[in-house]
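Morning, everyone. Let's look at one ligand site together.

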Amino acid sequence: MTVGTLETALRAKRDEGRKLLVPYVTAGFPVDEWPRLIEGLGAAGADAIEIGLPFSDPVMDGPTIQEASTRALGAGITPVAALEQVAKVDVGVPLVAMTYYNICFKMGHRRFANALLDSGICAAILPDLPLEEVGPWAKAADHVGVETVLLAAPTAPDERLPAIVERARGFVYGVGLVGTTGERSELASTAVEMARRLKAVTDKPVIIGVGVSSPEQAVELVDVADGVVVGSAIIRRLLDGGGIDDAIAFVADLRAALDRAAH
Amino acid sequence: MVAASADEGTNSLMEGPDEHGRFGRFGGRFVPETLVPACAELEDAFRSAWADDGFRAEFHSLLTDYAGRPSPLTDCVNLSTELGFRILLKREDLNHTGSHKINNVLGQTLLAKRMGKSRIVAETGAGQHGVATATAAAYFGQECVVYMGEVDIARQALNVYRMQLLGAEVRPARSGSRTLKDAVNEAMREWVASVESSYYCLGSVMGPHPYPWMVREFHRTIGREAFDQSTALLDGGLPDVVVACIGGGSNAVGIFSGFVDTDVELVGVEPAGGAAVARGVPGVVHGSMSFLMQDEFGQVQEAQSVSAGLDYPGVGPEHAFLADVGRARYEAVTDSEVLDAFELLSRTEGIIPALEPAHGLAWMIRARDELAGKTVLLNLSGRGDKDVAQVQAIRQGDPAALDTVDFSRTNGDAV
Ligand SMILES: Cc1ncc(COP(=O)(O)O)c(C=O)c1O
């Protein structure tokens with residue numbers, strides 16, 4: 001198995017002692033500004049960027065990301081239009097698509113994988129495509145060279161984790177809590193525990209997301225995890241009307257906190 | 001009439017799913033990783049319960065002593081004269097709580113009890129599944145939370161109050177079309193967040209494996225009774241056609257299961273604005289691969305139907321399979337045909353049907369030439385009390401607005 005672009009990049013940074021930061025944005029939100037937001041997050045120190053392609057029925061997402069998806073869809077974003085825009089952005093870090101399986105299934109596995117690559121995206125997260133169902137997509141993705149990030153959740157019994165990390169490409173996405181995406185005032189106890197359980201079974205980068213909301217929480221987590229995904233805390237700032245500069249500044253704060261934690 | 005020859009259980013077309021939860025190419029378990037262990041645990045629990053004579057006996061006694069089964073089969077002389085073919089009704093409207101939904105709910109809440117789960121989460125469209133769930137939860141002393149779309153809360157006010165009376169908490173689903181699809185989304189999110197303490201009581205033959213299989217098994221009793229009652233009434237014969245409405249497809253699967261291995265024709269009737277089989281293409285939402293109303297990019301479309309219980313863009317995977325192999329036929333009727341059927345049955349037989357099974361009758365009225373001289377069995381899945389106020393409002397309003405009954409619905413909310 002050849003190691004893909006995303007995993008190679010993340011491993012290299014981790015092995016230098018850097019703590020990984022993966023911000024999430026929703027394609028199409030805020031309308032017109034989101035491509036510049038992606039560039040800004042790259043410049044603010046993201047190690048990879050997760051780009052959500054909005055789906056009508058996002059069952060893994062809480063109210064904040066749902067709202068961003070609804071607005072983006074209402075403004076007419078489609079997966080095809082989103083990928084065309086992504087192709088034009090200039091960021092120096094790997095891009096990861098996050099969407100629900102029906103978007104990929106409808107386009108066709110091979111076509112979807114190629115469309116991601118053509119837009120400069122090297123990996124995919126499909127949260128409603130668990131290990132038992134991932135086979136046909138993963139085969140097409142492997143063939144084309146798109147890395148399939150798999151999720152591991154706190155509800156998994158220990159015996160399930162080795163199979164998940166084995167099939168995961170790019171990084172292993174540990175779900176920080178039992179629930180949907182959204183900010184939480186405290187870091188769930190499951191987050192560090194999830195990181196610990198995954199680190200015990202894999203050498204692939206272990207990044208924890210869902211419920212990671214502040215620099216303090218991120219710092220607490222990277223004591224064990226290789227990095228964090230932060231989504232709702234960024235989207236909420238945009239929904240609050242702070243503008244993309246506010247979101248970019250927040251990611252810069254996260255970066256600074258993680259860099260301090262690394263030393 | 002065709003001859004009766006159902007040899008149940010042996011190589012039946014409805015024996016599936018396979019070990020991956022597939023009915024042909026449909027079904028499966030497309031859920032967030034968080035829920036995979038819960039689905040596996042549920043599958044194991046159901047498998048062991050269903051193999052346990054004690055569980056079966058308890059379920060059976062609940063169906064008889066609490067729900068009032070068996071439900072009768074009514075031979076509709078007046079309506080038959082009016083339409084020119086013989087009409088039999090399987091009277092699921094006479095079950096406790098007023099619909100077939102109670103069969104599945106008693107099975108699932110009994111299973112939840114066996115699994116040691118005391119908090120039940122459910123979604124509901126028309127409110128019939130919600131009422132049935134709230135009822136069973138009250139009976140078993142379980143906590144109950146029901147998600148219901150805001151549009152449906154407005155048009156099914158009676159059922160909302162019934163649920164509250166039964167001690168359930170009704171939570172509005174405010175996203176998307178604010179109907180059944182969105183109630184399922186919210187219930188699934190709630191399940192993701194509370195999976196360790198809660199039991200998700202899904203209301204139809206949809207969702208991830210094992211739900212489509214388990215819910216069918218709990219509704220098999222409809223088909224088994226209807227088969228026996230038909231042969232008794234028809235001197236060993238069977239109806240020529242069996243008709244049922246399709247939301248997710250549970251009442252249809254229940255009655256079809258009694259006839260699938262005979263020569264009886266099976267017809268599922270969807271609303272024109274929620275015709276997943278007729279208009280759908282394969283897709284994945286709410287845990288399974290099935291037919292789905294969606295746009296060219298795979299975004300799920302919003303169904304539009306006068307009937308809250310059928311206002312759903314998908315369909316259970318076993319129906320997609322039965323359509324795929326050509327064993328069942330699927331038709332779609334308009335809201336205005338449904339309202340006419342609702343009134344016709346009320347007037348001719350003294351039976352006010354729910355708007356959902358009125359879809360089945362609406363197709364029978366449309367197909368009366370094709371059905372002339374035949375015997376047709378309709379699954380009357382529920383009674384119409386919940387719909388009376390809504391139909392009255394529609395009939396007092398502008399008849400031109402029939403197919404676009406709005407109830408303050410907006411598309412794509414909060415833009
Ligand atoms: C009386 C009645 N029939 C049918 C349905 C549709 O469900 P299904 O297709 O699962 O039978 C409903 C749903 O609310 C209902 O209340």
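I'll start with the ground rules, then go from the domains to the ligand. This is a predicted model, where local features need pLDDT of at least 70, side-chain atom pairs count only at pLDDT 80 or more, and totals for chains, interfaces and linings use all residues. Residues are numbered from 1 along each chain as written, chains are lettered from A and ligands numbered from 1 in written order, and side-chain values use heavy atoms, without hydrogens or water.

Domains next. Chain B splits into domain 1 (22-65 + 101-211) and domain 2 (73-98 + 220-402), with bounds from an automatic or database domain assignment. In their contact (heavy atoms within 4.5 Å), domain 1 of chain B supplies 39 residues and domain 2 of chain B supplies 43 residues. Their C-alpha centres are 22 Å apart.

Polar contacts are N or O pairs within 3.5 Å. The side chain of Ser381(B) has an N or O atom 2.7 Å from a ligand nitrogen. Of the 390 Å² that the ligand exposes alone, the protein buries 98% (Shrake-Rupley, 1.4 Å probe).

Note on methods: Polar contact = N/O pair within 3.5 Å; in protein donor to acceptor, adjacent residues only side chain to side chain.
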